[in-house]
Amino acid sequence: VHPEWAMKLVFHAIHVIPENKYVISKAIKLFFKMDAGKQVMPYLKQHLDLFKDDYNEIKEVADLLYEKGAFPQSLAYYRQADRLKPNEPEIQSSLALAMFYSGQKDESMKYLNDLLEKDNKNIKVLANGVYIMLTMGEKQKADAYMATLNLLAPSNPKVQQLTGMFAEQDGQFNRAIDLYEKSFASDPENLATTQALGDILIRQKMWGKAVNFYRKALEYHPNEPYLLERLGSLLISCPDTKLRNMEEGREFSERAFTHKASPTGIMFSAGRSLSDAYASMGDRQKAYAYLNIIYEMASSQGAPKEITDEIARKLSEYK
């Protein structure tokens, strides 16, 4: 409820009882989630030593570090997770990506090729490999493996998602949408498919379809900040004004803005939408309050000057 106060308490605790592994764990997770990870970065090596045999803890922190862009640090954790659970496709995929984003592109590609050659009939391994190659921009290398996947399991939702990614990169947007929809229907829990489908619907300006899709996706992920922000922002500022619903959009945006797990970018977008909603509803005081929070956030995060200037102009207008 009060994360800033929680951070002060935990940071005090880590100085008073620095040998307590659970305090170190709490501090690392809390501070990285609150985008203040630099303060606890020196404790990572100690944490890794203390929890070196706890797979769940190691993987959780590895994923958190990766999500926050601390790729070299996440790599050390993924290597340890791989030692604890060898041949786990998800860990192997994360390890390859962490290598890539840590600047070890050649090592990453060699590691990935070795995995694919060793297990070239495993659909999960192949699918993960193709996804990583597409992420790395190695579409040509991914083609052969994609052909194998379409022979082995053309109706697999992950294979449909990847085929959709190929179609989208080739400019076949309607085909990509059709494949993403089939993948989502079979596996609605997959957030990567959900995000891909929502993004392409918005880029193709299919506003009504996008609103309906985000409503459907929230049935499976009712508290996902990304989905709450997307639907809220669409309902507040959709170019098709017939689809706007300020009150409902305000509710979704507020849930995204106050969600304890919301990344900074989502909070920023949700806050701007909230400000727009209150301004549209005639409450300039609340519009100003939310926009002021966003301005401080943008300034502290080093946002481009044109963004802070635009927010400052709106603040002056509301004031």
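1. Let's start with the lining of the largest pocket: its residues split into 18 nonpolar, 8 polar and 14 charged. Bear in mind that this is a predicted model.

2. That pocket holds about 1600 Å³ of space. A total of 40 residues line the pocket, and those nearest its centre are Tyr66, Tyr131, Leu191, Ala192 and Gln195.

3. Which helix gives the most to the lining of the largest pocket? That would be H8, with 7 residues. At least two lining residues each come from H4 (55–67), H6 (89–101), H8 (123–135), H10 (157–169), H12 (191–203) and H14 (225–237).

4. On to the second largest pocket, with a volume of about 860 Å³. Here 25 residues form the lining, and Pro3, Glu4, Met34, Lys260 and Met267 are the closest to the centre. By class, you get 11 nonpolar, 7 polar and 7 charged residues.

5. The helices behind the second largest pocket come from a list of their own: H1 (3–16), H2 (21–33), H15 (246–258), H16 (264–280) and H17 (284–300) each put at least two residues into its lining.

6. Is Leu243 buried, exposed or partly exposed? Its relative accessible area is 26%, so Leu243 counts as partly exposed; the buried class stops under 20% and the exposed class begins over 50%.

7. Take Gly208: 35 residues separate Gly208 from Leu243 in sequence, yet their C-alpha atoms are 7.1 Å apart.

Conventions: Residues numbered from 1 in each chain as written. Predicted model: local features only at pLDDT ≥ 70, side-chain atom pairs only at ≥ 80, totals over all residues. Heavy atoms only, no water. 1 Å grid on protein atoms, 1.4 Å probe; cavity = no way out; pocket = protein on both sides within 12 Å on 5 of 7 lines; lining within 4 Å. Points joined across faces, edges and corners; volume = space filled by probe spheres on them. Helix = DSSP H or I, 4+ residues; strand = E, 2+ residues; numbered from the N terminus. Nonpolar A, V, L, I, M, F, W, Y, C, P; charged D, E, K, R; others polar. Buried < 20%, exposed > 50% of the residue type's maximum accessible area, 1.4 Å probe, protein only.
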